[in-house]
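Subject: Structure handover

Hello,

My notes on it come after.

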Amino acid sequence: MKSQVQVAVIGGGVVGCSVLYHLTKFGWKDVVLIERSELTSGSTWHAAGGFHTLNADTNMAALQGYTIRLYKELEEISGQSCSLHHSGGMTLATTPERMDFLKAARAMHRHMGLETELIGPEEIRKLAPIVNTEGVLGGLYDPLDGHLDPSGTTHAYAKAARIQGAEVYLRNRVVDLQHRRDGTWDVVTEQGSLHAEHVVNAGGLWAREVNALAGIYLPLHPMEHQYLVTDDIPEIYERDGEHPHVLDPEGESYLRQEGRGLVIGFYEQDCEPWAVEGTDWDFGQDLLPNKLDRIGEALEIAYRRYPVLETAGLKRIINGPFTFAPDGNPLVGPVPGLRNFWSACAVMAGFSQGGGVGLTLAEWMVEGEPSRDVFAMDVARYGSYCTEAYTRAKVTENYQRRFAVSYPNEELPAGRPLETTPAYEVWKRQRAVFGQGYGMEAVNYFAPEGEPAFETPSFRRSNAFAPVGEECRAVREAVGINEIHNFGKYEVAGPAAADWLDRIMAGRIPAVGRIALSPMLSPKGKLIGDFTISCLAEDRFQLTASYGAQAYHLRWFRQHLPHRATEVPEVELRNVSQELIGFQIAGPRSRELLSRLTLAEVSKEAFPFLAVREIDVGPCAAIVQRVTFTGDLGYEIYVPAAKQLALYYALEAAGADLGLRPFGMRAMMSLRLEKAFGSWLREYKPDYTPAETGLDRFVAYNKPADFIGKAAALAEKAAGPKRRLCSFVVEAADADVWADEPIWKDGAVVGFVTSGGYAHYVEKSVALGFLPVELIAPGCEVEIEILGELRKATLIEEPLFDPKGERLRG
């Protein structure tokens, strides 16, 4: 065993071997894999081995496509067969809601270049004759679906990595991880120690234990999962070709051919978290006791859907554990708070996602950042709110919903409410319907009396449509009040605070009492943040950004803090997201409302647009910012959490005769569409650049500071972008765009939607999306595919509300 390496990968399943292979592919040869037993001796050996491209996130789907295409390359390099079977696969729909889901997925696939196809019952019977199509409305067929040999594939990764310089150490458990001051690691194993610059946790079922060795907890948990293997079935082995995969969401099952018989697996409601106290190090190529009673109902449905099962014998029953994160996607990337410790955990679909995980991690480690937005599997999408109990509740919920329709407006109940503000009970009394993000409850809208305080999940306009419209009109015509707790907020202070921000942010740093909007860029010039910077003093700033990106942004900030040892820190950074909360007030009467509660002068001249003041509001000392995401006249009022209720009651009393009305996030997102304001992880994310999204107007290209990403931004400015973000008015019916719908022009897909919805005050359906620059012209007419229908859309160049910004700046 080597004594010093560049990377030590812990875990010899398919994911660890993929990471090892990709590191060598990217040129890092001094890498080793350490496995406690034999390769595949965790979840990998008993996996069903299926693979597919279907995923709600476009980049996850693209990485799954990469994984599937990679297998032939692996076979060529290693000489090891993966036993690939590209049998194709279909997902069945037995309800109109499921058909809407499949139509939305098909639309997303169009702009990704994936050749999926909507098929009817007759075509289903032709492709999969054993399927009883009674009650089936249709399906989505994917020719890339298939299966492989889990053991052979894992060994192909390992063999290819060895050929390219890596080493693999088997039967050698890691017993301790010791972090040195310089960020490197001492990896202590049963056979001795080695010093590694980087450590990758690909521990699978033992990922929790490996994380504990490093002193951290990440939200993942194993679940028991059962599938059955049948004896030979004539209807299968007498076929000319291989039977395609079939997913039957109604029966919570998946089915594929296995030799001369079938494999059928279940994601049952009566499921069970495994190894709550931790995974025994001696557990290996073992199976769990069969628990067929848990899948009795699902089996009955399976017998009706696939009548051949009624007479088929059972060859074996597999019950084994797989590891899940709360949303079912992997946990990948640099772990916040630890230098050079990387996660490649919770990859429950290893043969669909393992290659993409290995690619992403290798890009990140070798090149400094992934080639695409991978927030959907970034370990930093979760924070410290994820306790073990919360994680188990959400993992169980996700397992139970493995084949459920994922509605874009649905809020899942498990583990909630977890974190709330003092105003939570106030909103509940006013019939608030809540959503959550990053563990924190936030009002989506307020249900009218007599209506259920629950939003019906749908791809179409829901029961929230009318009340959200009322909230929007209240803001535009009088004054609305909305919580601002669900912004990420950071205090940056110290003698070098301004210089540090000038280096971190691409925009200009504002003067005292002013606000600036600024993108934050990666070294390759991609958007990794969209910030409001408020200068409270020459050495004190407040940053505001996405609440759900706290761990993501803090990781980046801390990686770039100055490390010079001084008696007084040059830059002090604090996350004040839950300490500093409050409300925004917005609408034509918002200035009058604020003036009733403060002695400070709040006229346009004294308190102009993009100004910030520290003033008393009612009984509270507050930070007040002259800015609002509604695109209207408005203010953000920040106070300590303990003062939030005092502020609310003061605003409520002072605004009673002004028409003050609360509004939720649904209204906020509708109002921002009228101004074509982009939103984080919709219009602004690491797939895009400032010039593509219009944020280049906030980039200070000529400032002296050599800000991160400056060279790339200047190069893009000189070359010009090939696509730009545009706004469209859509001739919609009962459904508006959500995201990822293809944009058509002259019979071809030319772009895609990033987000949209109904703009209630102007009464128009709106979409934001990308078009090639050569097609962009005032009044350009395109078609946007919404749930299988092409809807006419017209490009607009001015905001639909307050196009000159007179209200916003007034």
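The notes cover a pocket, the nonpolar cores and the salt bridges. Please keep in mind that this is a predicted model.

The most comes from α14, which supplies seven residues. Sorted by class, the lining of the second largest pocket holds 17 nonpolar, 10 polar and nine charged residues.

Nonpolar cores

In soluble globular proteins, nonpolar side chains tend to be buried together. Here the largest nonpolar core has 75 residues. L177, V187, L194, F341, V492, L543 and F557 have the most contacts inside that core. Take V187 as an example: beyond its neighbours within four places in sequence, V187 is in contact with A8, I34, V174, D176, L177, G192, S193, L194, A196 and V199. There is also a second, separate core of 63 residues, which includes C82, V263, V347 and V374.

Salt bridges

Side chains of opposite charge can pair when their charged atoms come close. The structure holds 42 salt bridges, and three of them are described here.

K394 and E397 meet through their side chains at 2.8 Å, N to O. Both residues belong to helix α10 (residues 388-400), where being three residues apart separates them by about one helical turn. K394 is buried, at 8% relative accessible area, and E397 is buried at 8% as well.

R666 and E455 form a salt bridge at 2.9 Å, N to O. This pair links distant parts of the chain, 211 residues apart: R666 is in helix α17 (residues 665-674), while E455 is in the loop between β20 (440-446) and α12 (465-477). R666 is partly exposed, with a relative accessible area of 22%, whereas E455 is buried at 9%.

R461 and D736 pair at 2.8 Å, N to O. R461 counts as partly exposed at 29% relative accessibility, and D736 is buried at 9%.

Regards

Note on methods. Residues are numbered from 1 along each chain as its sequence is written. This is a predicted model: local features need pLDDT of at least 70, side-chain atom pairs count only at pLDDT 80 or more; totals for chains, interfaces and linings use all residues. Side-chain values use heavy atoms; hydrogens and water are left out. Helices (H or I, at least four residues) and strands (E, at least two) are DSSP runs, numbered from the N terminus. Ala, Val, Leu, Ile, Met, Phe, Trp, Tyr, Cys and Pro count as nonpolar, Asp, Glu, Lys and Arg as charged, and the others, Gly among them, as polar. A nonpolar core is a set of buried Ala, Val, Leu, Ile, Met, Phe, Trp, Tyr and Cys residues joined through side-chain atoms within 4.5 Å. Buried means under 20% relative accessible area, exposed over 50%, partly exposed in between (1.4 Å probe, protein chains only). Contact means heavy atoms within 4.5 Å. A salt bridge is a side-chain nitrogen of Lys or Arg within 4 Å of a carboxyl oxygen of Asp or Glu.
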